[in-house]
Amino acid sequence: MADRFPPHIDMDTPSIARMYDYLLGGKDNFASDRKACEELAAGVPELVSFANDNRAFLRRAVEYVGARGIDQFLDLGAGLPTTDNTHQVAQRTNPRARVLYVDNDPMVMAHGRALLGDTSTTAFLLSDIRETDRILHSPEAAELIDTERPVCVMLVSLLHCVPDDSDPFGVVRDLVDRLAPGSAVIFSHVVSDDPEAAAWLTDKILSFGTSWGRVRSPEEASVVFEGLDLVGAWADGRDEGPHVVDCATWRHPERTPVARPDDPAVKRWELAGVAFTR
Ligand SMILES: C[S@@+](CC[C@H](N)C(=O)[O-])C[C@H]1O[C@@H](n2cnc3c(N)ncnc32)[C@H](O)[C@@H]1O
């Protein structure tokens, strides 16, 4: 099987993109990824449900931002192709919507390009998201993203993969500051109020040799929204209630929030929100 994959793909060390693919029920993963997920699920039984809730949040948020008229998306840490990829969701609202997918995992690039192709409305760029200049000045961005007009920057389940010493929130702030007013940020992040649980999950993932940052507290992750206008989205224009929420309950104009289990033992792991620049 190994010769089906480019040599720079390390099949023995679990990768976040392939583990997430496994959690979503995909087939683009290896034994090392599946084993890592099983080990994580032993300590975090909500793992499969919060991965799927996060992906469902991505779909609702892209629909929402597209309906607000934004037609260009920079999907950072895009992940392996799955059902309802960003361009497919966005193009249901606007067939001319354009998406630049960026990821640093070579398998995401190989599968993304093979399955979805680079077209006049979508492209894949292999890059670390910390290389913002390289991304914004790439030929792919020049083709698809006009930074003079509002852009939606997607940071969905991404920044917990980036360690503090890289200043992930500073990198994002620098990027967002360069965008036209009225640009959108779609964001989710693995969080925990329980330092012990956060440390367990972080240490476990690092023990696989996987590139990763850490689980942060909700307060630490919410810093991404400073200076932005957070939205609560109801069809009748109401703007009430918590704006930064568990990803399963993020509000969409046409969707009621998902009911959450009453059982306090069931933890909520993925904080989410959508905001616009001024
Ligand atoms: C948990 S997946 C999320 C995928 C997708 N955004 C979603 O929420 O459905 C995180 C993705 O971020 C990518 N990633 C992690 N660190 C990255 C970095 N520093 N630069 C670019 N991509 C990164 C991983 O390869 C993986 O595909």
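This is a predicted model: local features need pLDDT of at least 70, side-chain atom pairs count only at pLDDT 80 or more; totals for chains, interfaces and linings use all residues.
Local features require pLDDT of at least 70 and side-chain atom pairs pLDDT 80 or more, whereas totals for chains, interfaces and linings use all residues. Residues are numbered from 1 along each chain as its sequence is written, and side-chain values use heavy atoms, with hydrogens and water left out.

The ligand is surrounded by 20 residues (a heavy atom within 4 Å), the closest being Y20, R55, G77, D103 and V156. By class, this shell comprises nine nonpolar, six polar and five charged residues (Ala, Val, Leu, Ile, Met, Phe, Trp, Tyr, Cys and Pro count as nonpolar, Asp, Glu, Lys and Arg as charged, and the others, Gly among them, as polar). Polar contacts (pairs of N or O atoms within 3.5 Å) involve N54, with a polar side-chain atom 3.0 Å from a ligand oxygen atom, and N104, with a polar backbone atom 3.3 Å from a ligand nitrogen atom. A backbone N or O atom of V156 likewise lies 2.9 Å from a nitrogen atom of the ligand. Of the 600 Å² of accessible area that the ligand has on its own, the protein covers 96% (Shrake-Rupley method, 1.4 Å probe).

The structure also holds two cavities of 30 Å³ or more (sets of points on a 1 Å grid over the protein atoms alone where a 1.4 Å probe fits but cannot get out; lining residues have an atom within 4 Å of a point; a volume is the space filled by probe spheres set on the points). The largest has a volume of about 50 Å³, and its lining includes R55, D75 and F124.

Definitions and conventions
A polar contact is a pair of N or O atoms within 3.5 Å; within protein, one must be able to donate a hydrogen and the other to accept it, and residues adjacent in sequence count only if both atoms are side-chain atoms. On a 1 Å grid over the protein atoms alone, a cavity is a set of points where a 1.4 Å probe fits but cannot get out, and a pocket is an open set with protein on both sides within 12 Å along at least five of seven lines; lining residues have an atom within 4 Å of a point.
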